[in-house]
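Have the viewer open as you read.

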Amino acid sequence: MPAGTLYRGREGMWSWVAHRVTGVLIFFFLFAHVLDTALVRVSPESYDTVIQTYKTPLVNLMEYGLVAAILFHALNGLRVVAVDFWSKGPKYQKQMLWTVVGVWVVLMAGSFYGILQHTLISWFGK
Amino acid sequence: MSTEISDALVVPSKHAHTGKGLGTGNPADAFVIEPPRKRTAKTPRRTRTNFEMLAWLFMRLSGVVLVVLILGHLLIMLVLDGGVSKIGFAFVAGRWASPFWQGWDLLMLWLAMLHGANGMRQVINDYAEKDSTRLWLKGLMGTATVFTVLLGTLVIFTFDPNI
């Protein structure tokens, strides 16, 4: 392993790592998503067939994971903007990261039923 | 000794490179150090623009807009009105009947793809150490980005609910 792989650790470095990882994941999903949506120009049947896979329990769970990645990237992105443009941003970057994590936990808990309702209803009924 | 120094012209350190006076006594004062970002006649053409600063600014501006566009998109598509269950050709046709949602999706497509492509450019620049590897990865990523943006744009503008 090359020297200096670990930067300074702690909140600053790990939020940067998580921002990169989630960003790359979201970008690759975006390619797939534009391609699947492009099927509306092929035929309603081919689009609906592919969209059926989005409704299977495993992919439904992956959608929850996608939302987890996007929510972190969005909230931490706002933190990065605050660090860059708010005069006290660098001073409060740690507190802002824990605020991001807190809001993320609340939104993930709040959207659990909404996103997975399709699978939950198909398994357990209304 | 003491008379030599008192006879000398004392100038501020920022004038030390002029060769007049003794400066602060720091040997570094004898050298002219250009500000790191100063552009000179020798600056390569590709670094004479503010591309990296504009890319940095674009990431922040597009990011803030994308927070609204994408979280709204996720709420409508994955949470409200039965979640993912409702999505199908008919649902897409209903939404794209409105220029508002067409515009929303078009702006989201362009901003997200450019934001993602610039992020990937930075990741590639950071980790691909060989010049040729960097060039190939960025070429591949750029080609895929242009293709996807154009395809998505074409789909939004040519969508036909009666296909």
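Start with α1(A), where S15(A), T22(A), G23(A), I26(A), F27(A), L30(A) and T37(A) are buried; buried here means that 20 or more other C-beta atoms, placed from the backbone, lie within 10 Å of the residue's own. Helices are DSSP runs of H or I, at least four residues long, numbered from the N terminus. Keep in mind that this is a predicted model: local features need pLDDT of at least 70, side-chain atom pairs count only at pLDDT 80 or more, and totals for chains, interfaces and linings use all residues. Residues are numbered from 1 along each chain as its sequence is written, while chains are lettered from A and ligands numbered from 1 in the order in which they are written.

What covers those buried residues of α1(A)? The cover includes α3 and α4 of chain A, along with α4 (99-127) and α5 (131-158) of chain B.

Now for the partner chain. In all, 33 residues of chain A are in contact with 32 residues of chain B, contact meaning C-beta atoms, placed from the backbone, within 7 Å. On the side of chain A that touches chain B, α1(A) gives the largest share, 10 residues.

Finally, the UniProt record, an unreviewed entry, annotates residues 21-44, 64-85 and 97-116 of chain A as "transmembrane region"; such annotations may be inferred rather than shown by experiment. Residues 64-85 of chain A are 100% helix, with end C-alpha atoms 31 Å apart. Residues 97-116 of chain A are also 100% helix, and their end C-alpha atoms lie 27 Å apart.

Notes: Two residues are in contact if their C-beta atoms, placed from the backbone, lie within 7 Å. Helices (H or I, at least four residues) and strands (E, at least two) are DSSP runs, numbered from the N terminus. A residue is buried if 20 or more other C-beta atoms lie within 10 Å of its own, exposed if 12 or fewer, and partly exposed in between; C-beta atoms are placed from the backbone.
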